[in-house]
Amino acid sequence: MSATTTTTHAEPITAQSILRLFPDIDTSSAELDGHDEEQIRLMDEVCIVLDENDKPIGNFSKKICHLMTNIDKGLLHRAFSVFLFNSKNELLLQQRATEKITFPDMWTNTCCSHPLGIPGEGGAELAEAVEGVKRAAQRKLDHELGIKAAQVPIENFKFLTRIHYKAPSDGKWGEHEIDYILFIKADVDIEPNLNEVRDTRYVTADGLKAMFNDPALKFTPWFKLICHSLLFEWWEHLDEGLEKYMNEQEIRRM
């Protein structure tokens, strides 16, 4: 996993330069050959492309945004990571399905995905962008885990911070995201979409640390990054003092 966000393009990516910087973007489907049909379809979803200050500058497909050839040129998109805790303060984890094109079979936080380039999920200013990712989080919790919106109301999501990171999945696919971190505390009914989620598990902080010590388990790079740097401190303040970690204005560069 790369621990730096240094990019290789010679000029900043802006709305004016984006097409000039990526004139040779591969729009073929060859990279998707042999993958699951539904996961291939989802690769056509439209992600929000950003400059390094989290300002939207355009839209590209999920496929284009996750190809390492484009990531290595600096292509960056918006994402979110949901951490859902039950009333016992246990964190809900998911194991990504084998069918997933990126990071299959890896354990990760409750839900990790992208706001789409559609009305209601975008936003240029932080307050609007936070509301957009909360709506996207509600949508994806239902899609991946069958958690209905009524159990995770928009107003109950707590925005903590944004993390800018870059990580390869394999030689072909990877991530380069500004990731919005959302906490929510709720007792929910789960009905996993098996095309998205292989397994689920509630864990205590000590239980998660024990999982990290199990060499048989693999974890997504963003989840490991957040856990090893920030999560356990936040978790300790889940019921008291979390406010001091919320609504951070600066982007954390990992």
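Start with who touches whom along the protein chain: among contacts between residues at least 6 apart in sequence, 71% join residues at least 24 apart. Keep in mind that this is a predicted model. The chain's secondary structure comes to seven helices and ten strands.

Of the 254 residues in the protein chain, 54% count as buried, where buried means under 20% relative accessible area. The accessible surface of the chain comes to about 11300 Å², and carbon and sulfur atoms account for 49% of that surface.

Now let's look for empty space within the protein. Rolling a probe the size of a water molecule over the atoms shows where such space is left. Here the count comes to two cavities of 30 Å³ or more. The largest cavity holds about 190 Å³ of space, and 22 residues line it. Which of them lie nearest its centre? They are Lys62, Arg96, Cys112, His114 and Glu175. Several elements give two or more residues to this lining: the helices α2 (37-42) and α5 (126-145), together with the strands β3 (77-85), β6 (111-113) and β8 (174-185).

Finally, follow helix α7, which runs through residues 221-236. Its 16 residues reach 22 Å from the first C-alpha to the last, close to the 22 Å expected at 1.5 Å a residue. Even so, α7 has a kink of about 60 degrees, centred on Leu230. Leu230 is also one of the buried residues of α7. Others buried in this helix include Trp222, Phe223, Phe232, Trp234 and Trp235, and Pro221 and Cys227 are among them too.

Conventions:
Residues numbered from 1 in each chain as written. Predicted model: local features only at pLDDT ≥ 70, side-chain atom pairs only at ≥ 80, totals over all residues. Heavy atoms only, no water. Helix = DSSP H or I, 4+ residues; strand = E, 2+ residues; numbered from the N terminus. Expected span 1.5 Å × (residues − 1). Bend = angle between axes of the 7 residues up to and from the residue. Buried < 20%, exposed > 50% of the residue type's maximum accessible area, 1.4 Å probe, protein only. Contact = heavy atoms within 4.5 Å. Areas by Shrake-Rupley, 256 points an atom, 1.4 Å probe, with all protein chains shown as cover. 1 Å grid on protein atoms, 1.4 Å probe; cavity = no way out; pocket = protein on both sides within 12 Å on 5 of 7 lines; lining within 4 Å. Points joined across faces, edges and corners; volume = space filled by probe spheres on them.
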